[in-house]
Amino acid sequence: MKRKIIFVALCIFISLKMGAQQKIQPIYYVDYSFANRHLLRGGVEFMLIKESDNQNKLFLGTGYGIVNDNGKIRGIPDLHLSYNVGTLLFVKVGSSFSHAYSLVGISLLNTCDIGIGYSTSYNNSDLKIQGFTAGITFRLTRKDDVYGKFRIGF
């Protein structure tokens, strides 16, 4: 329990500290994934690296998720890195107190990521989230350079 409180406090501190900087604006996200359980997450992401030439972006995200565990709803914190290659592909790795996961898939102009991957539970975890994973993430922000530019033609 002590680790969870420290982790959540650290996540809140990071989001407040980065949100206070003027050029770093939080990106809100909602994420749904399914391995052997349904998992709904939400939180904030921050764009760490933006390569304007080829529109590659690296996002650091932190948030909180809920999962059904034998009729009880449990909460789990989430921390992840998502690397979007251009506006078409992404790779995402993340972890919580109960499991670690990785996803790869397609990105629709960085507004929506749809992917498949694998999730594995930690040995000492009482909440088992493991197996092949499918997930979808939506990003919401007012910052224009987060989303990819739609280029047509010549």
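Reader: What pattern does the chain follow, read along the sequence?
Author: This is a predicted model, in which local features need pLDDT of at least 70, side-chain atom pairs count only at pLDDT 80 or more, and totals for chains, interfaces and linings use all residues. Residues are numbered from 1 along each chain as its sequence is written, and side-chain values use heavy atoms, with hydrogens and water left out. Helices (H or I, at least four residues) and strands (E, at least two) are DSSP runs, numbered from the N terminus. The chain has one helix and eight strands, and the pattern along the sequence is α-β-β-β-β-β-β-β-β.

Reader: What percentage of the residues in the chain is buried?
Author: Buried means under 20% relative accessible area, exposed over 50%, and partly exposed in between (1.4 Å probe, protein chains only). Of the 154 residues in the chain, the buried share is 42%.

Reader: How many salt bridges does a search of the whole structure find?
Author: Side chains of opposite charge can pair when their charged atoms come close. A salt bridge here is a side-chain nitrogen of Lys or Arg within 4 Å of a carboxyl oxygen of Asp or Glu. Searching the whole structure gives a count of seven.

Reader: Which residue forms a salt bridge with E45?
Author: The closest N and O atoms of the pair are 2.7 Å apart. E45 lies in strand β2 (residues 38-51) and its partner in strand β8 (residues 131-140), so the pair ties together parts that are 94 residues apart in sequence. Both residues are buried. The partner is R139.

Reader: Which residue of strand β7 does R139 pair with?
Author: R139 has a relative accessible area of 2%, so it counts as buried. The side chains meet in a salt bridge of 2.9 Å, N to O. The pair links strands β8 and β7, 26 residues apart, and the β7 residue is D113.

Reader: Is D126 buried or exposed?
Author: D126 meets the side chain of R74 in a salt bridge (3.4 Å, N to O). The two are 52 residues apart, with R74 in strand β4 (residues 72-85) and D126 in the loop between β7 (112-121) and β8. R74 has 22% relative accessibility and therefore counts as partly exposed. D126 has 61%, so it counts as exposed.

Reader: Which residues are linked with R74 and D126 in a network of salt bridges?
Author: The pair R74 and D126 belongs to a network.

Reader: Which side chain does S33 join in a polar contact?
Author: S33 is found in strand β1 (residues 27-34) and is buried, at 5% relative accessible area. A polar contact is a pair of N or O atoms within 3.5 Å; within protein, one must be able to donate a hydrogen and the other to accept it, and residues adjacent in sequence count only if both atoms are side-chain atoms. Contact in general means heavy atoms within 4.5 Å, and beyond four places in sequence the contacts of S33 include H38, T133 and G135. The polar contact is 3.3 Å, and the side chain is that of R41.

Reader: Which side chain does S98 join in a polar contact?
Author: S98 sits in the loop between β5 (89-95) and β6 (99-108) and counts as buried at 5% relative accessibility. Leaving out residues up to four places away, S98 touches I76, S121, Y122, S125, L127 and I129. The polar contact, at 3.3 Å, is with the side chain of H99.
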